[in-house]
Amino acid sequence: EMSEMSERSKQNVAHGLAWSYYIGYLKIVLPRMKQSMEEFCRAHPNLLACRKTWKLHILVPLSCDIYDDLEKADSNIQYVTDLTETTLARAGTKKRVYKHSLYAIRDEENQLWHCAVEYATPLQSLYAMSQDECAAFSREERLEQTKLFYRTLEEILKGSKECADAYRLIAYEEPEEAETHFLSREILWHLRQEHLEEVAVPEVNHPHTPSTTLDSAELNLQISVSDLPQSLRTDGF
């Protein structure tokens, strides 16, 4: 009965996508991020001077609006190169390649900040489901699923020792009116935060605090505990 209720409310969709994303991708690539960054920095010592940025920055737009080409999303984001590939035999595919792209983010003073950044790809599935009559996902349901996906993924990653300090989740809600460099500003805010974390400067006033960036506390308020997937066990475990 509880399983049927979960099916009807679609609670299992975001939960399953988050776990699949972690098991099938992040758990494979994140433990190798530091090594990839180190190899890149030996060849380009000046581009990634801040070790706190040596992680995968994962974009989580609540609208599920994803660009396949980040340069088209924001002209202040420019592709630089790919980091060292990871090649594994996976589910019958020999030499499956996993890789990340390094980008240069241009700020208001024309300074370049470098980082590995990409969208959380399962959001493409959520968006596609909202466009498919068979899935019957409304825009409101998609939004709630995206929030639940973020919260579930955050909890999974917090409990993963292999992935510790190898990622940064960037959840945000896009403004109603289009802004040309909105995305680059969001990424830059997080990069500046990482730089501050490395130098450990207390109580610094930041030039830009994006009102649309959502932290876990805000998303906690937006998703009630009853909305989260519940165990089917009734024996207390």
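A nonpolar core is a set of buried Ala, Val, Leu, Ile, Met, Phe, Trp, Tyr and Cys residues joined through side-chain atoms within 4.5 Å, where buried means under 20% relative accessible area, exposed over 50%, and partly exposed in between (1.4 Å probe, protein chains only). The views below come from a predicted model, in which local features need pLDDT of at least 70 and side-chain atom pairs count only at pLDDT 80 or more, while totals for chains, interfaces and linings use all residues. Residues are numbered from 1 along each chain as its sequence is written, and side-chain values use heavy atoms, with hydrogens and water left out.

**View 1. The chain as a whole.**
Of its 237 residues, 43% count as buried. The accessible surface comes to about 13,500 Å², and carbon and sulfur atoms account for 49% of it (Shrake-Rupley method, 1.4 Å probe; for residues, only the protein chains shown count as cover). Contact means heavy atoms within 4.5 Å. Among contacts between residues at least 6 apart in sequence, 70% join residues at least 24 apart.

**View 2. The largest nonpolar core.**
The largest nonpolar core has 58 residues, and Leu-26 and Leu-30 have the most contacts inside it. Helix H2 (residues 11-29) supplies the largest share of this core, with ten residues. Apart from residues up to four places away in sequence, Leu-26 touches Tyr-21, Pro-31, Leu-56, Ile-58, Leu-153, Leu-157 and Cys-163.In soluble globular proteins, nonpolar side chains tend to be buried together.

Rings of Phe, Tyr and Trp (its six-membered ring) pair if their centres lie within 6.5 Å; planes under 30 degrees apart count as stacked, over 60 as edge-to-face and the rest as tilted. By this rule the count comes to six aromatic pairs. Trp-19 and Tyr-22 form an edge-to-face pair, with 6.0 Å from centre to centre and 80° between the planes. Both residues lie in helix H2, three residues apart, about one turn of the helix. Trp-19 is partly exposed at a relative accessible area of 38%, whereas Tyr-22 is buried at 6%.

**View 3. An aromatic pair between two strands.**
Tyr-79 and Tyr-103 also form an edge-to-face aromatic pair, at 6.0 Å centre to centre and 75° between the planes. Tyr-79 lies in strand S2 (residues 77-82) and Tyr-103 in strand S5, so the pair ties together parts that are 24 residues apart in sequence. Tyr-79 is partly exposed, with a relative accessible area of 38%, while Tyr-103 is buried at 10%.

**View 4. An aromatic cluster.**
Tyr-21, Tyr-25, Tyr-98 and Phe-149 form one aromatic cluster.

**View 5. The surroundings of Asp-107.**
Asp-107 is found in the loop between strand S5 (101-106) and strand S6 (112-119), and is buried, with a relative accessible area of 7%. The side chain of Asp-107 reaches the backbone nitrogen of Asn-110 at 3.0 Å and that of Gln-111 at 2.7 Å. With neighbours within four places in sequence left aside, Asp-107 is in contact with Trp-113, Leu-188 and Arg-192.

**View 6. Cysteine residues.**
The structure holds zero disulfides, a disulfide being a pair of cysteine sulfur atoms within 2.5 Å. Cys-41 is buried at 11% relative accessibility, and Cys-64 is buried at 3%.

Definitions and conventions: Helix = DSSP H or I, 4+ residues; strand = E, 2+ residues; numbered from the N terminus. Polar contact = N/O pair within 3.5 Å; in protein donor to acceptor, adjacent residues only side chain to side chain.
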